[in-house]
Each structure stands twice: as structure tokens, then as C-alpha cells.
Amino acid sequence: MKVLFIGGTGVISTSCSQLCLEKGYDLFLLNRGKSIRTAPEGAKIISGDINDVEAIKKIIEKEEFDSVVDWIAFSENNVKRDFELFRDKTAQYIFISSASAYSPKRTLPITEKTPLENPYWAYSHAKIDCENYLMEKYREEKFPVTIVRPSHTYDKTKNLLRVDYLPFYRMKNGKPIIIHDEGKSLWTLTHTKDFAKGFVGLLGNQKTIGEAYHITSDEVLTWNKIAETLAETAGFEVKISHIPSKFIAKYDEEWGAGFLGDKANDAVFDNSKIKSIVPDFKATIPFSRGAAEIVEWFSNPQNQNIDAKLDALMDKIISDYSGIIK
């Protein structure tokens with residue numbers, strides 16, 4: 001199978017690239033080579049910027065693919081560009097959307113039929129616009145699109161708390177970390193290697209054309225438990241300041257939108273649809289193991305970057321909210 005990944009060295013896509021190669025797929029990676037993750041050995045590298053349309057047209061002029069996956073499309077203009085580039089070049093185009101596109105007002109478990117609506121978060125709204133455009137092209141022009149909606153997918157480099165080493169720094173120095181609301185919303189974390197098992201099974205499968213799939217773990221945690229697990233694994237005591245999502249949004253609109261439109265709402269998924277297409281799919285990496293990988297990564301001083309402005313903002317949010325509730 002001949003597969004093109006636009007990107008292919010990101011948090012989610014690197015494991016998918018590796019698994020493709022293990023399965024013997026002919027994998028091409030089109031990217032600018034700026035990721036901290038190196039391309040896996042065996043992948044064929046196409047150096048280029050997908051936004052340089054004329055240059056990419058020349059590069060792929062004589063190429064055809066069984067599947068093209070864009071890991072870095074975030075706007076409707078991005079997928080319009082892809083439609084023009086690959087409409088006659090692939091038997092399947094996979095768009096990486098987001099489970100955050102599901103309506104915050106939802107019943108559980110979430111299925112692929114859960115309405116797409118997110119009035120809070122521009123990121124999610126843009127993903128919905130992309131899906132709508134691509135499905136229109138599928139219906140009107142038979143463009144062979146498959147939509148994939150990852151939820152909170154991570155690898156060792158991604159602290160699940162904001163952001164990078166900063167939560168560990170605050171724990172180490174006896175400073176509280178911020179958890180939105182009461183920290184009791186149910187949440188699903190998926191290790192990138194587990195995601196890859198489901199995702200690679202979609203490649204080249206014509207039954208998936210015109211369909212959407214989310215791919216997540218079946219393990220459900222609260223945000224309090226996530227923070228406690230990371231702290232315990234790192235050997236720190238954790239102090240939690242529970243701050244309402246709406247209050248956080250007053251200080252940082254994007255951060256607050258991520259809560260109001262996504263993380264403050266329960267996220268429990270029904271994975272029966274992906275399992276019906278990829279029967280072998282099963283998430284087997286618990287967060288306890290993932291947390292150990294994260295802690296090990298951030299134990300390296302080279303990975304201990306601290307956002308000083310965000311650290312100060314957290315202090316201010318905590319102080320201001322404490323003043324209100326006293």
C-alpha cells in the first residue's frame with residue numbers, strides 16, 4: 001500500500017508512521033523537517049511545505065496514492081487546498097479532525113452520531129468547518145474522504161496538564177496547580193501507540209469512505225485523578241486549586257475555551273464503530289504507564305522548559321479567585 005502522510009512526525013502521527021512501516025507499507029512523509037521527532041527509518045521523505053501549492057504539484061505530478069492523510073490541516077482553506085491537490089491523486093483522503101468538535105451538550109457515551117457543535121472553541125469550530133466542506137465534496141464529487149476524530153491523544157512529550165514541565169515545577173516548589181471546576185469531569189486519554197492500532201486499520205479501506213470514526217481508549221479518569229497520578233509518579237505532593245472554567249477564560253480566552261468547549265465536559269466514548277472496521281483494535285496502555293513515560297521524559301533537564309509568564313498568570317488567577325471566595 002502506498003501512503004502519503006502530510007506531517008507524519010507529530011505527537012499522534014509518529015506512532016502511525018512507525019506502524020505503517022512495520023506492516024510493510026510504502027510510506028511517504030511530506031513535511032518541513034522541523035519536528036523534535038525524527039522520521040522513522042524506512043519512510044521516504046519529501047521535503048516541502050504543503051502550503052507551497054505549485055511546488056507540491058510538481059513533486060506529486062507523477063504520483064498516485066492509496067491513501068493520503070493530512071495531519072496538519074486546521075482550517076477550511078487547508079482542506080480546500082488538499083482537495084485541489086489530491087482530488088485525482090488518491091483513492092482515500094483522511095482528514096484528522098477532533099473529538100472536541102462534538103457538542104459540549106451531549107449524552108454519554110459519545111458516538112459518531114453525536115452532534116458537531118462547539119460554540120466556545122475556535123479550534124473545534126474550524127475542524128467542523130473542515131468536515132462540512134469535505135463531506136460536501138464527498139456527496140457532490142465523490143471525493144473519497146474518511147474523517148478521524150482523535151480525542152486527547154498523548155505521547156511521552158505531552159504533559160496532560162498545562163504545560164510541558166511547568167506543572168512539575170510548581171509541584172516541586174510547593175505551588176498549587178490549576179484544575180478546572182471541581183476536577184470531577186470524566187475524561188479519556190489515549191496513548192498514541194494505541195491510537196495507531198485503530199488508525200492504520202483504516203488506511204486503504206474503501207468501506208470507510210464517507211464515514212467518520214473516533215479512536216480512543218476505554219479507560220476513563222477524572223482530572224483530579226490525572227493530576228494525582230502524574231504527581232505520585234513523579235514523587236511530588238500535589239496541591240490543587242479548583243478554578244471555574246469561566247473564571248479562567250477571563251484571564252486567558254484560549255485556555256478557558258478549551259475547558260468550556262471540551263475538557264470541562266464528560267468525555268466517554270463508544271468505540272464500537274472503529275472496532276467494527278478494525279476488529280483487532282484495543283487500547284492496552286493504561287495512563288499509569290503513560291504517566292511513567294511522561295515523568296521520565298521531563299526528568300531530563302533539557303526538557304524542563306518553563307513558561308514564566310504562564311507561571312505568573314497561574315499565580316494571579318489563583319490569588320484573585322481566592323480573594324473572591326473568602
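**A pocket and a helix pair**

Twenty residues line the second largest pocket of this predicted model, and those nearest its centre are Thr 14, Ser 15, Asp 155, Thr 192 and Lys 193. The space in this second largest pocket comes to about 370 Å³. Sorted by class, its lining holds 8 polar, 7 charged and 5 nonpolar residues.

As for where the lining comes from, three helices each put in at least two residues: H1 (13-22), H6 (192-200) and H11. H1 hands over the largest share, with 5 residues of the lining of the second largest pocket.

H11 also turns up in a helix pair. For helix H7 (residues 223-234) and helix H11 (residues 287-298), the angle is about 55 degrees and the axes sit 9 Å apart.

On the H7 side, the contact is made by Ile 226, Thr 229, Leu 230, Thr 233 and Ala 234. H11 brings Phe 287, Ser 288, Ala 291, Ala 292, Ile 294 and Val 295 to the contact. Taken by class, the residues of this contact between H7 and H11 split into 8 nonpolar and 3 polar, with no charged ones.

Conventions. Residues numbered from 1 in each chain as written. Predicted model: local features only at pLDDT ≥ 70, side-chain atom pairs only at ≥ 80, totals over all residues. Heavy atoms only, no water. Axes fitted to C-alpha atoms, helices over the stretch in contact; angles between N-to-C directions. Helix = DSSP H or I, 4+ residues; strand = E, 2+ residues; numbered from the N terminus. Contact = heavy atoms within 4.5 Å. Nonpolar A, V, L, I, M, F, W, Y, C, P; charged D, E, K, R; others polar. 1 Å grid on protein atoms, 1.4 Å probe; cavity = no way out; pocket = protein on both sides within 12 Å on 5 of 7 lines; lining within 4 Å. Points joined across faces, edges and corners; volume = space filled by probe spheres on them.
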